[in-house]
Amino acid sequence: MKLVWTFDSEANTPVNSVSSWDVGYVKNRKKILLNYYLHSINTAKGFGYYTIMYCNSASVKYFEGIVDEIHTIEKYENTPLWDGIKTYPMEIRNDDYCLIDGDVILHQPLPEFKKDIVFDVWEVGNWKQDYEETVLKLDSMGIGELIPEWNPERTEVAGSGFMWLQNKEFRDLYVDRWKTFNKFIIDNVDVLNTFQAS
């Protein structure tokens, strides 16, 4: 199995959306995040995994000589969503791979997966803090008219820090719905917090 990371140094971060944070915080946050990525990749390589990075061209320098493959992608779907680049490998790859975030550090080799869809965690305690306000705003703006599966009710959220999606039908549906969502966000970017919408 291959492990795939995505990194876009120009992606929207919380500081792009919250004006009270300063430039120094942005720079430090990005350095910390980059160090997490490098640690995540090196740890996975230590377990023998083949490593792949999808990143913007300005970020290639961080991963050359570290990962086994680098692919550049610029402004995927013109998304203002900070994790939007993660959808690109799902759109183009059909091999045996897992998407993994830079802040996911393996402590042992991954088990053999027995399901078509595997993700890292059900997020159960952060609905009010991380999701409720944005979900309700998106709902009131009519996102449910575009995405039939949309449900604004409080629910457990599937974490996306680690995703193994071997069911092509589901993966294609995910990509389709993400693109619909992304276009909606672009069309309403002036009234939405794009960090929270991610």
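This is a predicted model: local features need pLDDT of at least 70, side-chain atom pairs count only at pLDDT 80 or more; totals for chains, interfaces and linings use all residues.
The residues of H5 that are buried are Trp127, Thr134, Val135 and Leu138. Viewed along the helix axis, these buried residues lie within an arc of 140°, and they therefore line one face of H5.

Helix H6 comprises 20 residues and spans 29 Å from its first C-alpha to its last, close to the 28 Å expected at 1.5 Å a residue. At the start of H6, the backbone nitrogen of Glu169 lies within 3.1 Å of a side-chain oxygen of Asn167. Arg171, Val175, Trp178, Phe181, Asn182, Phe184 and Ile185 are the buried residues of H6; they pack against helix H4 (87-92), strand E4 (97-100), H5, strand E8 (162-165) and H7.

The largest nonpolar core contains 22 residues, of which Leu3, Trp5, Met53 and Phe63 touch the most other members. Two or more residues each are contributed to this core by strand E1 (2-7), helix H2 (23-46), strand E2 (50-55), helix H3 (60-63), E4 and E8, with H2 giving the most, at 4 residues. Apart from this core lies another, of 13 residues, among them Tyr76, Trp178, Leu192 and Ala197.

Conventions: Residues are numbered from 1 along each chain as its sequence is written. Side-chain values use heavy atoms; hydrogens and water are left out. Buried means under 20% relative accessible area, exposed over 50%, partly exposed in between (1.4 Å probe, protein chains only). The arc is that of the directions from the helix axis to the C-beta atoms. The expected span of a helix is 1.5 Å times one less than its number of residues. Contact means heavy atoms within 4.5 Å. A polar contact is a pair of N or O atoms within 3.5 Å; within protein, one must be able to donate a hydrogen and the other to accept it, and residues adjacent in sequence count only if both atoms are side-chain atoms. A nonpolar core is a set of buried Ala, Val, Leu, Ile, Met, Phe, Trp, Tyr and Cys residues joined through side-chain atoms within 4.5 Å.
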